[in-house]
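Me: Hi! I have a protein model open and I'd like to get to know it. Could you walk me through it?

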Amino acid sequence: MPAMTDPMDGLKSFQKQVKIDGIKLSKGEVHPDVSVHLDYPNGVARLSYALIDNGRVRAFVTYIPGEPYNGLPCFSIGYAVPEKFRSQGLGAEVIEKSIDELKNGYSRNGISKFYVEAVVAESNVPSQKLAEKAISPTVDRTGHDSYSGEPALTYMRYVEA
């Protein structure tokens, strides 16, 4: 059985591309200090947001469309912060700012309500703490990661523009 997808792998790949100017980054419209990248791996839209300082990714979050929830769009997120930048509030900051950017962009397209979902391994206590802070203090403890089958916790946040 494969292991759960690790957002740190995504951060490392993103950092490598930033370093070699291999991806096109845009500034956030609401938060210009947030870098935004849209791509389509496997034909599926993926939005990545990062706090970058002097070419170093300090915090990273990526969104992919998930299954609708309660009839509304739902985005699955993965987030990571390099060890050097942990315990500085950067994970919560990039999540909050990226949600502001999503609200701004989607409201222009008539989508004023959506959900954000984080699926976190039961063994990943630091990620759980961040999800409780930035996504929801309420957790669904009955889930499993759909990719690996590992026991996982699900955090869901309703967002309204």
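**Getting to know the chain**

Me: Let's start with charges. How far apart are the mean positions of the positive and negative charges?
Reply: They are 6 Å apart, counting 18 positive and 20 negative charges in the chain. Keep in mind that this is a predicted model.

Me: Okay, noted. How many helices and strands does the chain have?
Reply: There are 3 helices and 8 strands. Starting at the N terminus, the order is α-β-β-β-β-β-α-β-α-β-β.

Me: And what does the C-alpha trace span along its principal axes?
Reply: About 40 × 35 × 30 Å. The radius of gyration of the chain is 15 Å, which agrees with a compact globule, because a globule with 161 residues would have a value near 15 Å.

Me: What share of the residues is buried?
Reply: 42% of the 161 residues count as buried.

Me: Which residues touch the most other members in the largest nonpolar core?
Reply: Those are Y49, Y63, I77, Y79 and I95, in a core of 30 residues. Elements giving two or more residues to this core include β3 (46-53), β4 (56-65), α2 (90-108) and β8 (151-160). The top contributor is α2, with 6 residues. Another core, of 9 residues, lies apart from this one, and F14, A50, V57 and A80 are among its members.

Me: Why do such residues gather like that?
Reply: In soluble globular proteins, nonpolar side chains tend to be buried together.

Me: Back to Y79. What is it in contact with, leaving aside neighbours within four places in sequence?
Reply: Y79 is in contact with P7, F60, V61, I95, A118, V120, S127, L130 and A131.

Me: New topic! Where does R157 lie?
Reply: R157 lies in strand β8. Beyond its neighbours within four places in sequence, R157 is in contact with E96, I99, F114, Y115, V116, A134 and I135. The C-alpha atoms of R157 and A118 are separated by 8.8 Å, and these two residues are 39 residues apart along the chain.

Definitions and conventions: Residues are numbered from 1 along each chain as its sequence is written. This is a predicted model: local features need pLDDT of at least 70, side-chain atom pairs count only at pLDDT 80 or more; totals for chains, interfaces and linings use all residues. Side-chain values use heavy atoms; hydrogens and water are left out. Helices (H or I, at least four residues) and strands (E, at least two) are DSSP runs, numbered from the N terminus. The radius of gyration is taken over C-alpha atoms; the globule rule is 2.2 Å times the number of residues to the power 0.38. Buried means under 20% relative accessible area, exposed over 50%, partly exposed in between (1.4 Å probe, protein chains only). Lys and Arg count as positive and Asp and Glu as negative; His and the chain ends are not counted. The place of a charge is taken as NZ of Lys, CZ of Arg, CG of Asp or CD of Glu. A nonpolar core is a set of buried Ala, Val, Leu, Ile, Met, Phe, Trp, Tyr and Cys residues joined through side-chain atoms within 4.5 Å. Contact means heavy atoms within 4.5 Å.
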